[in-house]
Amino acid sequence: MNILSNLLSQTAEPKPAKKQRRGIEIKSSREIEIMRRSAQIVATILKEISEMVEPGMTTADLDTYAEKRIREMDATPSFKGYHGFTGSICSSINNEVVHGIPSPKKVIRTGDVLKVDTGAYYQGFHGDSCITIAVGEVTADAAKLIRVAEEALFKGIEQVKEGAYLLDIAGAIEDHVKANGFSVVEEFTGHGVGRNLHEEPSVFNYRTREMPNVKLRAGMTLAIEPILNAGSKHTRILSDRWTAVTVDNSLSAQFEHTVLVTETGYEILTDRTKV
């Protein structure tokens, strides 16, 4: 889940939490073990949703399922109640970029490009991940967008190791996206994740001087999440004050993993292939 620019100054948690610390947190071995579990819960939910989605379902159906499964695994939904958000997942379809609100009126159809983003709060720590699902048979252009978005995520993750820099991640993502003719959404970024759903540092998907180019240290946990548009990089927020859509009605795709920085590289905590 990304940080909306107009919410950056607010603080909220899905449940009462310890006082937020300033700066970038380095997780202890014990905290990393807890995060492995919270991330595994998220990975499990997204894998199950990817296998169950079919035309005719609603995004509310997916939301109900996700909340039930999260609670069955002794966790709570990270998103529900966060800044007043009503769902346990964000479900964004086609030109919806991020933060789509689940609704019984939002019917999933063949050919849709469906983004599902969710988080789980377990024993004081969050996991966070997003996938884009091709519903049934999609157009060749949509399939390419989805493929490049996932590739961009892994291009960024491959840069992660102790001693590397945030802009190494950003540059790898940006280069891959632009080489394939798509645009990087700049209004939303990745972020640190752990005791809080959104922590420092911001993890950009493009080269920028807006934030310090932080050196990575073992024990950091980052939510890396490139968001690609087929057309313009610009977005606008709908009247629900949550859903971001492309300004030109073009398709959008997103992938996200919670990643641990290690001394020798990285560990993908929300790896769906391991659940």
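Residues are numbered from 1 along each chain as its sequence is written, and side-chain values use heavy atoms, with hydrogens and water left out. Because the model is predicted, local features need pLDDT of at least 70 and side-chain atom pairs count only at pLDDT 80 or more, whereas totals for chains, interfaces and linings use all residues.

When neighbours within four places in sequence are set aside, L62 is in contact (heavy atoms within 4.5 Å) with I49, M52, V53, M57, I89, I108, L114 and V116.

The structure also holds 2 cavities of 30 Å³ or more, a cavity being a set of points, on a 1 Å grid over the protein atoms alone, where a 1.4 Å probe fits but cannot get out. Grid points are joined across faces, edges and corners, and the volume is the space filled by probe spheres set on the points; by this definition the largest cavity contains about 50 Å³. Its lining residues, which have an atom within 4 Å of a point, are L166, L167, A170, S202, F204, T208, M211, P212 and N213, and helix 4 (residues 166-179) gives the most to this lining, with 3 residues.

In an unreviewed entry, UniProt lists D117, D128 and E256 under "binding site", although such annotations may be inferred rather than shown by experiment. These residues are spread over 140 residues of sequence but cluster in space, with a largest C-alpha distance of 8.1 Å. A further "binding site" listing in UniProt, also from an unreviewed entry, names D128, H191, E225 and E256; this set, spread over 129 residues of sequence, likewise clusters in space, the largest C-alpha distance being 10.6 Å. D117 lies in strand 4 (residues 113-122) and is buried (under 20% relative accessible area, with a 1.4 Å probe and protein chains only), at a relative accessible area of 3%. D128, in strand 5 (residues 125-134), counts as buried because its relative accessibility is 0%, and H191, in strand 7 (residues 190-192), is buried at 0% relative accessibility.

Methods
On a 1 Å grid over the protein atoms alone, a cavity is a set of points where a 1.4 Å probe fits but cannot get out, and a pocket is an open set with protein on both sides within 12 Å along at least five of seven lines; lining residues have an atom within 4 Å of a point. Helices (H or I, at least four residues) and strands (E, at least two) are DSSP runs, numbered from the N terminus. Buried means under 20% relative accessible area, exposed over 50%, partly exposed in between (1.4 Å probe, protein chains only).
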